[in-house]
Amino acid sequence: MGTPLIPLADEQCDIVAKLEFCNPMGSSKDRSALWILEQAIGRGEIAHDTTVVESSSGNFALALAFYCRMLGISFVPVIDPNCNEATEAQLRLLCGRVEKVSIRDGTGSYLKNRLSRVQELLVELDSAYWPNQYANPDARDAHYRFTGGELIAQAGPLDYLFVGVGTGGTIAGLSHRIKETYPGCVVVAVDAEGSVIFGGPPKKRRIPGIGSSIVPPLCGQALIDQVEIVSEARAIEACSALAAKYALYAGGSTGSTYAAVQDYFARHRPGTHRPGTHRPRVAFIAADRGHAYTQTVYDPTWVQQLHAEAAQPPGIKTLAVN
């Protein structure tokens, strides 16, 4: 596909952003969706009468909807209330059937119930295929082959790579490809506060696309040196900063990853990393664009409500008064 790499002016580091939100459906999930479908078709796991069924918080569903439509394959996404309204509307336009889970699981998220609904649909439908983006090695290989290959060709030697983590496919593929070429590159995984991927306590999360209420098998295959946990409040601040400073209209995952870069180097002053330079070369993955977040991350009222809810003691809910 090919996505651009752009430099971002910074006082401490040479930062470059890999604009994965320039993919056709607006996120890094285009890479894994298309490669998974192509490989499954090649193996005979998907035929024209097959229905693809997948759990997604939004971006992977959009990518699958687009490529399944192009390939003439039926697709049923399983989403939840955290899916942005614009994304859900687009999915309902592209797909003949959309399943929406509305009950939270024991972690306060919806993922486990989405996955349960996927399993029910696999039994219910005559011929169905589950891409299983959380464990499918083709998801990892797509980023190893394509995203990683492009990043190496575009960025040159890297000292740090920051990658947001949700299903684990992006960081699993990228970390192996980058470390093969630049063994000293520090791979920093970026996770959301409230996600359980790296052992943190579960907590209600509102921004889709980053974090998880399960530990995805693909994460165990990644070569991760350090982990940065980012709150939703910081992700929102970083989205605003990217727009104000660089005119980048980015989504919640991208904001989280950029926040991690800023927070990391606020704590770790750059030293000498390569001969002849005192400024580390840092890349981060801009995984999603901001258009689907107009009514959330970029809506002052929604942001105010998020801050108010976060300030409430546990067990207290804020009720809207009409």
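Let's start with Arg97, which is partly exposed at 30% relative accessibility. Partly exposed lies between buried, under 20% relative accessible area, and exposed, over 50%, using a 1.4 Å probe and protein chains only. Arg97 forms a salt bridge with Glu99, and their closest N and O atoms are 3.0 Å apart. A salt bridge here is a side-chain nitrogen of Lys or Arg within 4 Å of a carboxyl oxygen of Asp or Glu. Glu99 is buried, at 15% relative accessibility.

A word on the source. This is a predicted model: local features need pLDDT of at least 70, side-chain atom pairs count only at pLDDT 80 or more, and totals for chains, interfaces and linings use all residues. Residues are numbered from 1 along each chain as its sequence is written, and side-chain values use heavy atoms, leaving out hydrogens and water.

How many salt bridges does a search of the whole structure find? The count is 23. Take Arg43 and Asp138: their closest N and O atoms are 2.9 Å apart. Arg43 sits in the loop between α1 (29–42) and β3 (51–55), and Asp138 in helix α5, so this pair ties together parts that are 95 residues apart in sequence. Helices (H or I, at least four residues) and strands (E, at least two) are DSSP runs, numbered from the N terminus. Asp138 is buried at 8%. Arg43 is partly exposed at 45%.

Next, Glu309 and Lys204. Their side chains meet in a salt bridge, 2.9 Å from N to O. Glu309 lies in helix α9 (residues 300–311) and Lys204 in the loop between β8 (186–192) and β9 (226–230), so the pair ties together parts 105 residues apart in sequence. Salt bridges that share partners also join Arg97, Glu99, Arg117, Glu120 and Glu124 into one network.

Now the helix pair. Helix α5 (residues 137–155) packs on helix α6 (residues 169–181) at about 45°, with axes 7 Å apart. Axes are lines fitted to C-alpha atoms, for helices over the stretch in contact, with angles from 0 to 180 degrees between N-to-C directions. Gly169 lies in α6. Gly169 is buried, at 2% relative accessibility. Gly169 and Asn136 are 33 residues apart in sequence, yet 8.1 Å apart in space, C-alpha to C-alpha.

Last, the loops. Most residues other than glycine have a negative phi. Asn132 has a positive one, near 50°. Asn132 is in the loop between β6 (128–129) and α5. Ala247 also has a positive phi, about 60°. Ala247 sits between α7 (232–246) and α8 (252–267), and is exposed at 66%.
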